Amino acid sequence: MTTSATAPFSYVRPSSVEEASRLLSRSGGSAALIAGGHSLIPLMKTRLVSPEVLIDLSAIDGLSGISSDTNGLNIGAMTSYEELESSDAVNEGAYALAEAAGQVADVQVRNWGTIGGALAYSDPAGDLPAVVLALEATISARSARASRSIPADRFFRDFLTTALRANEVLTEIHIPAPSKGTGSAYAKLANKASHYALVGVAAVIQIDGSGTCTKARIGVTGAGPFAKRSRRAERILEGKELTDSVVRRAAERVGVEYQGMFNEDIHASAEYREAMAKVIGVRAISMAVERAG
Amino acid sequence: MTIASKGESLKRREDHRLITGDGTYVDDVRLPGLSHVAFVRSPHAHALIRSIDASAAAAAPGVQRVFTGAELQEQLGSLPVGWVLPDQNSPPHPPLAFEKVRYVGDAVAAIVADSPYEAQDATELVKVEYEPLDVVVDGEKATQMGAPQLHEDAPDNTSFEWEVHSADRGYDDAAKEAEVVIKQRMRNQRLIPNSMEPRGIVADFNAGTEQITIWTSTQIPHLVRLLFSAVTGHPEHKVRVIAPDVGGAFGSKLYLYAEEVILGMIAKNLKRPVKWIESRQENFIATTHGRDHIADAEICGNRDGTISGFKVHVYANLGAYLSTFAPGIPTILYGLLLSGVYKVPHISCVVTGVFTNTTPVDAYRGAGRPEATFVLERLVDMFAAEIGRDPVAVRRKNFLPTFKNGRTVSTGVVYDSGDYRATLNRALEIFDYKEFRREQREARRNGRLIGVGFSTYIEISGLAPSAVAASLGAGAGLWESSTVRVHPTGTVTVYTGTASSGQGHETTFAQIASEELGVPYDDIDIVHGDTEKQPFGTGTFGSRSVSVGGQALLMSLVKVKEKATKIAAHQMGVEPDQVTFKDGTFTVEDIPESQMTFAEVAGQAYSAVNLPPDTEPGLEAVSFFDPENFTWPFGCHICVVEVSPDTGETRVLRYVAVDDIGNVINPMIVDGMLHGGIAQGIGQAMQERAVYSDDGQLLSGSMLDYAVPTAEDLPMFETDRTVTPSPSNDLGVKGAGEAGTIAATPAIVNAAVDALKHLGVRHIDMPLHSEKMWRIIRDAREKQRAERSTRAKQRETGGKS
């Protein structure tokens, strides 16, 4: 608990995803993948986790960078928060993602931390899980033998648990191109110490020419053990003209999915997180609506 | 550079090396054959040690030795307490615990290895069999019947019960006669100092000379040497303590720590140099904490706004053992401040010092004075609210009148000089109070909650007149020393017994010396932090360096000037009183061709060819200064906050600080100190707190959970000063290092209470966390709704009853 150095470990730097996957398989669960390392290294230094093998993904070509086409954005797993925040393509095609990336921790962490690392680790208070849920992202994973795509809303399974298999490497995040009239936003109430989200809400709102909401997607983080969609809030918004009172009524449902499982710690009680999901929900939805219009 | 002078905002000359990586911190000290130490620390807050099996650790790669407490017991002794109050229980404090551990972090074994990594790896191999005991972490609960007992010789976990009263002991009678009596329990939460550089130690032993040398990140090298020698029996003249560059301290490096004793004795046992660098995690649990008071506070007075008295009982949580100065902090530096800036006849203060299963508590920036100021300034606001008067008007009505040379107040102490109206008036020139109240009304109509808070504070700095301190329990004199050594070429080295941990001594002291001797600023070096170089000195704490150490320097400078003048006069063939010394040149009136520079005189002093009779060669002076009084800085801080009714988030919108710290040597350094102090005050008021679970685990034990403020949490500070010189020293200076921290917390909390006053809120404990504020607003609104509906029902049924 008071150590400042990691336990001994061996370090490998594979040059392909396949090789990384084979190393994972061979380790039998004693290895850890490292991307930016800003969640993993502090845990290793305090010896809360002590992997025997550290598999560094930084030498694998093609895992980093952002590209966009008519289908949307493809974001490499090793793309840093800073790159997300400053990318024109992300700012245009997935504004909430840039907005959330810019609110992660501090400059040093944003220069190192990666989207793939954030999603694969699935910190219950991480910012990006809520955003990829609301953006209906698809997460690509590869093993030595196969690759597959996992919709974001089937990716986050439990506390620090994702749909990734033990031999899979998260490689890419695809975000579909937004339809006309779409606005997105991320708002959070931050823990003053860590800047993680006490509650964070991402909203993607699509409005048609007549002012009716044709699609609403809400993702919540920080409130419970893992990020979730707020489907009941979405249903209230869809098919309606988004007046302030409709937004408020929908926000009343933000976080209800966590009933009985709200996080509670020295920073905030379950009751406060439950109440704040609604308040931050109003903020995120209202901003998204404004940007949609 | 040319001659510098007092009052100039010179950039800190030490910063270039510190910022560019050329500083020398303890971790930069590397000696041949250096071995590394890691500590096995207790994971239990309270437990008996049944056995320690270190065999696996001793056999681990790179490990040289494993030391346990039982093994070193005789050599290590018990850590001393440097402040002893009447009837104080000071139970033993073994540097390495044996038999029993009393807090999470208590060290039980030390591992010496070839590398720090091997040493840390081996800590996991030491098998300690513990028998856990019941735990108490709360200062009040620890004194209650049935609480787990930490020490055999401290019944009820009580170290002391200390009191101070106004001479007539008349508070209770005054309260009976008063029109208004207000009582409030206030908690001043525990804080973790978090200096940028954690602690670190290198110890070496020279078997030939039997000298132990200890490099340690400390504020008090000479006291470390004295106490180390006292504890271990190793003779003081064979101990050298060096404090190299120290990366911040805030009071947390003001003690003899267990690790200093252990490292020194390991070096002696193994006859080789050893190093230990504290990790940040370790710093959270093994370095002292600050504050942690539960105060039952009371104010009484009349509806015309006159305050008749303050009363307070405090449970001061001291942690598991007495740290070096722990008993002095919640007593002398707290109780003696309880008259504030007010003409209050009756004061009553009782402090119970309590042991709990937590990290020891000692000084943290402000040390006792922020706790006292918080209680006082909150009480004054509560009193003003109760009698329906303006808090500024109530303060004015009770201010002590202006005085320049001493005024005795009800606590029995003598303030040096004060003009409390001046700082308040200046602050109100910067801050348009009337306009703010208008804005506040308008904001309220728009659903915004904003409030203003005042803190008209005073503090005790310049520690300390030795005899006074000794009568109050101090175990060491608190005077200061200086040596001014003029070299034959006229350059100067100044040695000071104070020791910088970031205060800018090397700049400030050089300004004083440059002006007095007329020697170019760049030709003067300030040397501090090495017991081999300076005469005994007390160190840097309690905002004392310039007011005590600066005065000691001034005295040496005067002696050097006197001797130089005598030599110059002799060489120019005149009497000393015919010689004028200005800007580094000795001249004789009416004989313009007769003149000597300071450097020429220095050369003559050392060549010693033509000195006046009875004059020793050389040009050097040593001085010791023991002040007759403390210095008493004061000021007025004004804070504006906004509270979000939706989330409870609270933000400081504006912060105005007008301080009076007497004369100022380097305004830029002083501004920096005040800014930093206010930032730490905002940290306490808004977000910082150490949290223990009931079983004694520190839940806020890392930067992920302990919220040190950053730039984004702070507004622009609007600062100014008034100048009321201190008569306690010839420089007329008062302490600046802690004033901001002392003043800030009540200004902020008063502002938050003011923002919610219309909801019936009277008091809020720190920190002003969002959830707490949200609950207060929610509960207050529910209460108001309930009251409205009760009134409505009463109206409905009113006619019938």
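In what order do the seven strands of the open sheet in chain B run? I took this up as the opening entry, noting that the model is predicted.

**Entry 1: the sheet**
I read the strand order as β3-β5-β1-β12-β9-β10-β11 in chain B, and the pairing is mixed. I then looked up the edges: β3 (63–68) and β11 (239–242) of chain B each pair on one side only. From one strand to the next, I found an average twist of 20 degrees.

**Entry 2: one strand pair**
I examined β9 (residues 200–206) and β12 (residues 274–277) of chain B, which pair in the antiparallel sense over four bridges. For B:Gly200, I located the bridge partner in β12(B), namely B:Ile277.

**Entry 3: helices on the sheet**
I recorded that helix α3 (residues 69–76) of chain B packs on the sheet, where it touches β3 and β5 (107–113) of chain B. The direction of α3 makes about 75 degrees with that of β3(B). I also traced helix α7 (residues 258–270) of chain B, which packs on the sheet and touches β1 (35–41), β3, β5, β9, β10 (211–216) and β12 of chain B. Its direction makes about 30 degrees with that of β9(B).

**Entry 4: B:Ala744**
I placed B:Ala744 in helix α19 (residues 739–755) of chain B. Is B:Ala744 buried or exposed? I classed B:Ala744 as buried because it has 33 C-beta neighbours inside 10 Å, and the cut-off for a buried residue is 20 or more. Leaving aside residues up to four places away in sequence, I listed its contacts as B:His637, B:Ile678, B:Gly681, B:Ile682 and B:Ala685. Lastly, I noted a separation of 15 Å between the C-alpha atoms of B:Ala744 and B:Thr423, which lie 321 residues apart along the chain.

Notes:
Residues are numbered from 1 along each chain as its sequence is written. Chains are lettered from A and ligands numbered from 1 in the order in which they are written. This is a predicted model: local features need pLDDT of at least 70, side-chain atom pairs count only at pLDDT 80 or more; totals for chains, interfaces and linings use all residues. Two strands pair if DSSP finds at least two bridges between them. Helices (H or I, at least four residues) and strands (E, at least two) are DSSP runs, numbered from the N terminus. Axes are lines fitted to C-alpha atoms, for helices over the stretch in contact, and angles run from 0 to 180 degrees between N-to-C directions. Two residues are in contact if their C-beta atoms, placed from the backbone, lie within 7 Å. A residue is buried if 20 or more other C-beta atoms lie within 10 Å of its own, exposed if 12 or fewer, and partly exposed in between; C-beta atoms are placed from the backbone.
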